[in-house]
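Reader: I have a structure open and would like to go through it with you. Can we take it piece by piece?

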Amino acid sequence: MNKEFVCICCPMGCNLNVELSDTNEVISVSGNTCNRGKEYAVSEVTAPTRMVTSTVRTMQNVSVPVKTKDPIPKGKIFECMDAIKKAKVELPVKTGDVLIKNVADTGVDVIATRSF
């Protein structure tokens with residue numbers, strides 16, 4: 001089986017082709033012009049992750065921009081967004097402050113990306 005997609009690691013946007021075995025193990029990666037593209041392709045077909053960006057409301061009714069500190073498993077995005085939607089924080093907030101610890105049991109924190 002083959003999977004095709006565009007690499008997002010750099011502006012080159014290489015067209016990647018990943019050949020998989022019957023047990024979904026990566027046999028080969030082609031189309032990449034660098035090792036980052038190969039690593040991305042393997043990660044994307046075996047354990048895809050994404051950064052999540054959004055806003056958290058404060059008790060003062062201000063929206064604070066936030067992001068996950070690290071990428072989270074793609075399958076946990078909706079759980080992460082539910083936790084972000086339910087959160088309310090108190091001002092002041094500084095860039096880098098942890099606003100939600102271990103979001104959706106991923107081991108990843110949600111942090112503020114701007115000070116208020």
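This is a predicted model: local features need pLDDT of at least 70, side-chain atom pairs count only at pLDDT 80 or more; totals for chains, interfaces and linings use all residues.

Reader: Which residue does tyrosine 40 form an aromatic pair with?

Author: The partner of tyrosine 40 is phenylalanine 5, and the pair is edge-to-face. The ring centres are 5.9 Å apart, with 75° between the planes.

Reader: Where in the chain do the two residues of the pair sit?

Author: Phenylalanine 5 is in strand E1 (residues 2-6), while tyrosine 40 is in helix H1. The two are 35 residues apart, so the pair links distant parts of the chain.

Reader: And how many aromatic pairs does the count come to?

Author: The count comes to 1 aromatic pair.

Reader: Is glutamate 44 buried or exposed?

Author: Glutamate 44 counts as buried, because its relative accessibility is 16%.

Reader: Switching to cysteines. How many disulfides are there?

Author: A search of the whole structure finds 0 disulfides. For cysteine 7, the nearest cysteine sulfur belongs to cysteine 9 and is 3.8 Å away, whereas a disulfide needs the sulfur atoms within 2.5 Å.

Reader: Are cysteine 7 and cysteine 80 buried or exposed?

Author: Cysteine 7 counts as buried at 7% relative accessibility. Cysteine 80 also counts as buried, at 0%.

Reader: Now the sheet. What is the strand order?

Author: The order is E8-E5-E6-E10-E9, in an open sheet of 5 strands with mixed pairing. Strands E8 (88-89) and E9 (98-100) stand at the edges with a single partner strand each, so one side of each has no neighbour in the sheet.

Reader: How do E5 and E8 pair, parallel or antiparallel?

Author: E5 and E8 pair in the parallel sense, over 2 bridges. Arginine 57 has lysine 88 in E8 as its bridge partner.

Reader: And E5 with E6, how many bridges?

Author: 5 bridges join E5 (residues 53-58) to E6, and the two strands run antiparallel. Threonine 55 has proline 65 in E6 as its bridge partner. The hairpin of E5 and E6 has 4 residues between the strands, and asparagine 61 there takes a positive phi near 65°.

Reader: Which side chains of E6 point to the buried face?

Author: Val64, Val66 and Thr68 point to one face and are buried.

Reader: What about E6 and E10, how many bridges join them?

Author: E6 and E10 (residues 110-112) are joined by 3 bridges and run antiparallel. Lysine 67 stands opposite isoleucine 111 in E10.

Reader: Which helix lies across these strands?

Author: Helix H2 (residues 77-86) lies across E5, E6, E8, E9 and E10, at about 25° to E5.

Reader: Last one. What does phenylalanine 116 touch?

Author: Phenylalanine 116 lies in the segment after E10. Not counting residues up to four places away in sequence, phenylalanine 116 touches Val62, Ser63, Val64, Pro65, Leu91, Pro92 and Val93. Phenylalanine 116 counts as partly exposed, because its relative accessibility is 33%.

Reader: And how far apart in space are phenylalanine 116 and serine 30?

Author: They are 46 Å apart, C-alpha to C-alpha, and 86 residues apart in sequence.

Notes
Residues are numbered from 1 along each chain as its sequence is written. Side-chain values use heavy atoms; hydrogens and water are left out. Buried means under 20% relative accessible area, exposed over 50%, partly exposed in between (1.4 Å probe, protein chains only). Two strands pair if DSSP finds at least two bridges between them. Contact means heavy atoms within 4.5 Å. Axes are lines fitted to C-alpha atoms, for helices over the stretch in contact, and angles run from 0 to 180 degrees between N-to-C directions. Rings of Phe, Tyr and Trp (its six-membered ring) pair if their centres lie within 6.5 Å; planes under 30 degrees apart count as stacked, over 60 as edge-to-face and the rest as tilted.
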